[in-house]
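Trainee: Could you pick a part of this model to start from and take a close look at it with me? I would like the cut-offs along the way, please.

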Amino acid sequence: TKGEYKKIFGGVKGIKIFTTDPNSYRLLKINPFQFSEKIHILSHIEQLMQIFMAAWPLYAAMPAILKQAIVKAYIRCGWDVQNSIWIEGVNQKKYPTFYDILDILPNIIDTSDYSSDSKGDYKGALLTRVESMTVGINGLLFKNSFGVDEKSLFDSNTIIDLSELGSNEAIALMMGILIMKLNEYRKNERKNDNSLSLNSNLRHL
């Protein structure tokens, strides 16, 4: 939302405000790699890749390299990605973060069969994009393995203020992540409650 909304409605009872401003209200801590219980991990990765490709200018082999890094990051955290099962005790974290992707990417690129020029291009582009998610305001928003409780975001009167995110690219990425999480949250609700059919009453987002 626009930054003014939190000032107008901030004092209204029953409204929760999450912001990208570290100095006011509650900070919107979110992990795009975290997903709802009944969602298959491979489905989540595909959704994530669609968001990254829409928000970032990825070309040639870059999407494939990024996807490989994401899969390896989940495996490092203890995930059996084929069966969507998390094996507890393999890693302290259940879900990876951008820091894990940044750590894995260089090795994937270095050990690939691409030419030296291509490796340099991919490193420059991919590492810069992912590293930008680990510093500044983005670093504060995305650093935790577990983000804000999705029930608080999607089942209550909530204002999400993205006005402190500097670039249109960062805003587009965050909007994509929020829409993906809302979609997965509602799918998860339907899988947990048979009374919530596809033809149930419309609900406010």
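Mentor: Happy to! Let's start at the surface, where Lys38, Lys187, Arg190 and Lys191 form a patch of positive charge. Charges are placed at NZ of Lys and CZ of Arg. The model is predicted, so local features need pLDDT of at least 70 and side-chain atom pairs count only at 80 or more, while totals for chains, interfaces and linings use all residues. Residues are numbered from 1 along each chain as its sequence is written, and side-chain values use heavy atoms, leaving out hydrogens and water.

With a relative accessible area of 48%, lysine 191 is partly exposed (buried is under 20%, exposed over 50%, partly exposed in between, with a 1.4 Å probe and protein chains only).

Now to the rings. Phe, Tyr and Trp rings (for Trp the six-membered one) pair if their centres lie within 6.5 Å; planes under 30 degrees apart are stacked, over 60 edge-to-face, and the rest tilted. That rule gives 15 aromatic pairs. In one of them, phenylalanine 35 and tyrosine 74 have ring centres 6.2 Å apart and planes at 65 degrees, so they are edge-to-face. This pair links distant parts of the chain, 39 residues apart: phenylalanine 35 is in the loop between strand S2 (26-27) and helix H2 (41-55), and tyrosine 74 is in helix H3 (residues 62-76). Phenylalanine 35 is buried at 5% relative accessible area, and tyrosine 74 is buried too, at 0%. Tyrosine 114 and tyrosine 122 are also edge-to-face, with centres 5.3 Å apart and planes at 85 degrees. Here tyrosine 114 is partly exposed at 33%, whereas tyrosine 122 is buried at 8%. Ring pairs also build a cluster, whose members include Phe35, Tyr74, Trp56 and Phe142.

Two backbone spots are worth a look as well. Alanine 60, in the loop between H2 and H3, has a positive phi near 50 degrees, though it is not a glycine; alanine 60 is exposed at 63%. Serine 84, another non-glycine with positive phi, has a value of about 55 degrees. Serine 84 lies between strand S3 (79-80) and strand S4 (85-86), in their loop, and is buried at 19%.

How values were computed: Helices (H or I, at least four residues) and strands (E, at least two) are DSSP runs, numbered from the N terminus. Patches are made of residues with over 30% relative accessible area and no salt bridge: like charges are joined within 9 Å, nonpolar side chains (Val, Leu, Ile, Met, Phe, Trp, Tyr) within 5 Å. Accessible areas come from the Shrake-Rupley method with a 1.4 Å probe; for residues, only the protein chains shown count as cover. A salt bridge is a side-chain nitrogen of Lys or Arg within 4 Å of a carboxyl oxygen of Asp or Glu. Lys and Arg count as positive and Asp and Glu as negative; His and the chain ends are not counted.
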